Amino acid sequence: MAISKRRGAQPLSHILSEVMARRGLSRLRGQEELERAWCVALERTVGHPLADSTRIGCVRRGVLEVQVANSVLLQELGGFHKQRLLETLRKTVAFETIRDIRFRLDEHAGA
């Protein structure tokens, strides 16, 4: 039988963040913020929205995975815009360290 230790009063923000972490809500919120930052980076870098043709994956070891709808877009983003996208994301996303972007072809990204 576990004996619970009684803790003193805690700030509500601490309790809420603990609950969010336990339920996985902070991860979802982080993904939403990352998706918003990606849309902003695309708009600033490319000059027109391409969010419908891309899909954000996860960040693993500082590498953001982005799935794109076609090979032309893959070449354009990876060859011409990657460095500026990285710079914009690094300025915009404070909760995650992004060292690189890996673009992958995925026909379902535009769906």
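Visitor: How many aromatic pairs does the structure hold?
Guide: In this predicted model, the structure holds one aromatic pair. The partners are Trp38 and Phe103, and their arrangement is tilted, with 6.4 Å from centre to centre and 50° between the planes.

Visitor: And which elements do Trp38 and Phe103 lie in?
Guide: Trp38 belongs to helix α2 while Phe103 belongs to strand β3, so the pair ties together parts that are 65 residues apart in sequence.

Visitor: Are those two buried or exposed?
Guide: Trp38 is buried, because its relative accessible area is 1%, and under 20% counts as buried. Phe103 counts as buried too, with a relative accessibility of 13%.

Visitor: What else is Trp38 in contact with?
Guide: If we leave aside the neighbours within four places in sequence, the contacts of Trp38 include Thr54, Ile56, Leu64, Val66, Leu85, Leu89 and Ile101, and Phe103 is on that list as well.

Visitor: Which residues have the most contacts inside the largest nonpolar core?
Guide: That core has 21 residues, and those with the most contacts inside it are Trp38, Leu64, Leu77 and Leu89. The elements that give two or more residues to this core are α2 (25–46), β1 (54–60), β2, α3 (71–92) and β3, and α2 gives the most, with six residues.

Visitor: Switching topic, where is Glu65 found?
Guide: Glu65 sits in strand β2, which covers residues 63–68. Glu65 is buried, with a relative accessible area of 17%, and its side chain makes a polar contact of 3.3 Å with the side chain of Gln67.

Visitor: Zooming out, how do the elements run from the N terminus on?
Guide: The protein chain has three helices and three strands, and from the N terminus on they run α-α-β-β-α-β. Of the 111 residues in the chain, 32% count as buried, and among contacts with a separation of 6 or more, 63% come from residues 24 or more positions apart.

Visitor: Which element has the lowest mean pLDDT, and which the highest?
Guide: Helix α1 (residues 12–23) has the lowest mean pLDDT, at 61, whereas strand β3 (residues 100–105) has the highest, at 96. For the protein chain the mean pLDDT is 81, and 74% of the residues reach 70 or more. Where pLDDT is low, the predicted coordinates should not be read in detail.

Technical notes
Residues are numbered from 1 along each chain as its sequence is written. This is a predicted model: local features need pLDDT of at least 70, side-chain atom pairs count only at pLDDT 80 or more; totals for chains, interfaces and linings use all residues. Side-chain values use heavy atoms; hydrogens and water are left out. Helices (H or I, at least four residues) and strands (E, at least two) are DSSP runs, numbered from the N terminus. Buried means under 20% relative accessible area, exposed over 50%, partly exposed in between (1.4 Å probe, protein chains only). A polar contact is a pair of N or O atoms within 3.5 Å; within protein, one must be able to donate a hydrogen and the other to accept it, and residues adjacent in sequence count only if both atoms are side-chain atoms. pLDDT is the predictor's confidence in each residue, from 0 to 100. A nonpolar core is a set of buried Ala, Val, Leu, Ile, Met, Phe, Trp, Tyr and Cys residues joined through side-chain atoms within 4.5 Å. Contact means heavy atoms within 4.5 Å. Rings of Phe, Tyr and Trp (its six-membered ring) pair if their centres lie within 6.5 Å; planes under 30 degrees apart count as stacked, over 60 as edge-to-face and the rest as tilted.
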